[in-house]
Amino acid sequence: MPLNPEIIDDASRQVQVAIEGPIAVLTLNRPAKRNALSLKVIGELNAAFEALPVSVKAVVLNGNGEHFSAGLDLSELAALSPAEGVMHSRVWYEAFDKIQFGKRPVVCVMHGAVVGGGLELASVAHVRVAEDSAYFGLPEGQRGIFLGGGGSVRVTKLIGFSRVTEMMLTGHVYNAAEGLQLGLAHHLVADGQGLAKARELALRMAANAPMSNFAIMHALPLIAEQPMVHGLMTEALIATITQSEPEARERVEAFLQKRAGKVLPG
């Protein structure tokens, strides 16, 4: 259940924001268009992440209606020059970088269509929850276009370039259970349960030490791209910085004094 939600944006906004204690729920609000991602939506998403108060420690990203997002609003591509097309992608990159490499971890709730640009957006999140209704596709080959919102990098990192190639060439659509097996989702829940699961996970993330969350979000992607010797040095440095924080020392001391919970399954 919401924790004293404070609605920041009104119903006319295409990205609505509700503050629920230490988490924020951002909802794509264009259900009549299956939450197609226009530049207006991307701009509002960018602005929403920028404007979150410091009290927010984690974010849930959701979609209003039957679908998370059916992808790019293709009507915007019709009159773009090559230069404008490049800048169109750059707007998406700026917003998505703010999500992936921002101040707070993000959980994405995926239901219905998670297609094209919608899958590109979902791949930006740090944790992804799929409902049974979710399905995943990259129909760019059928549309005569190519991924332009970072998906050729981010989705490929999740499931490999061969699988992305097959999805784009053939239009193969994967269901929620297949998406979980492929790595497009971390959790699979019944329809209607995604938001509750995402809130649970976001609250868990919000309870982490802020520097630990920062290190996980920012250092792990760098380490994954580095040769082993570089990655190990990066790890040693970020581990030393993280564990030297006063809050880290307090948490370790609480564990040693048996005042902190142990790791348990489930």
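Hi everyone, let me begin with a term: a salt bridge is a side-chain nitrogen of Lys or Arg within 4 Å of a carboxyl oxygen of Asp or Glu. With that in hand, look at Glu225 and Lys157, which form a salt bridge whose closest N and O atoms are 2.2 Å apart. Glu225 belongs to helix α9 (residues 210-225) and Lys157 to helix α5 (residues 151-159), so this pair ties together parts that are 68 residues apart in sequence. Helices (H or I, at least four residues) and strands (E, at least two) are DSSP runs, numbered from the N terminus.

Before we go on, a word about the model. It is a predicted one, in which local features need pLDDT of at least 70 and side-chain atom pairs count only at pLDDT 80 or more, while totals for chains, interfaces and linings use all residues. Residues are numbered from 1 along each chain as its sequence is written, and side-chain values use heavy atoms, with hydrogens and water left out.

Are Glu225 and Lys157 buried or exposed? Both are exposed, where exposed means over 50% relative accessible area, buried means under 20%, and partly exposed is in between (1.4 Å probe, protein chains only).

How many salt bridges does the structure hold? There are nine. Another one joins the side chains of Arg30 and Asp73, at 2.9 Å from N to O.

Lys40 is partly exposed at 46% relative accessible area, whereas Glu44 is buried at 6%.

Now compare that with Glu140, in helix α4 (residues 140-143). Glu140 is buried yet has no salt bridge. Which side chain of opposite charge is nearest to Glu140? That is Arg143, 7.8 Å away; for charges, Lys and Arg count as positive and Asp and Glu as negative, with His and the chain ends not counted. Leaving aside neighbours within four places in sequence, Glu140 is in contact (heavy atoms within 4.5 Å) with Gly116, Gly117, Ile145, Phe146, Leu147 and Met168.

Let's turn to the strands. Two strands pair if DSSP finds at least two bridges between them. Strand β2 (residues 15-20) and strand β3 (residues 23-28) run antiparallel and are joined by six bridges. They form a hairpin with two residues between them, and Gly21 in the turn has a positive phi of about 65°. Across this pair, Ile19 partners Ala24, and Val15 stands opposite Leu28.

On its other pairing, β3 joins β4 through six bridges, this time parallel, with Leu28 opposite Gly63. Why do we call β3 largely enclosed by the rest of the structure? Because six of its six residues are buried. Ile23, Val25 and Thr27 cover one side, and Ala24, Leu26 and Leu28 the other. As a general point, in a regular strand the side chains alternate between the two faces of the sheet. Strand β2 is mostly covered as well, with five of its six residues buried.

Last stop: the inside. A nonpolar core is a set of buried Ala, Val, Leu, Ile, Met, Phe, Trp, Tyr and Cys residues joined through side-chain atoms within 4.5 Å. The largest one here has 45 residues, and Leu26, Leu45, Leu52, Phe96 and Leu121 touch the most other members. Helix α1 (residues 39-51) gives the largest share of this core, five residues. If you click on Leu45 and skip neighbours within four places in sequence, its contacts are Val15, Leu26, Leu28, Leu61, Phe96, Ile99 and Leu121. A second, separate core has 14 residues, including Ile23, Val25, Ala58 and Val189.
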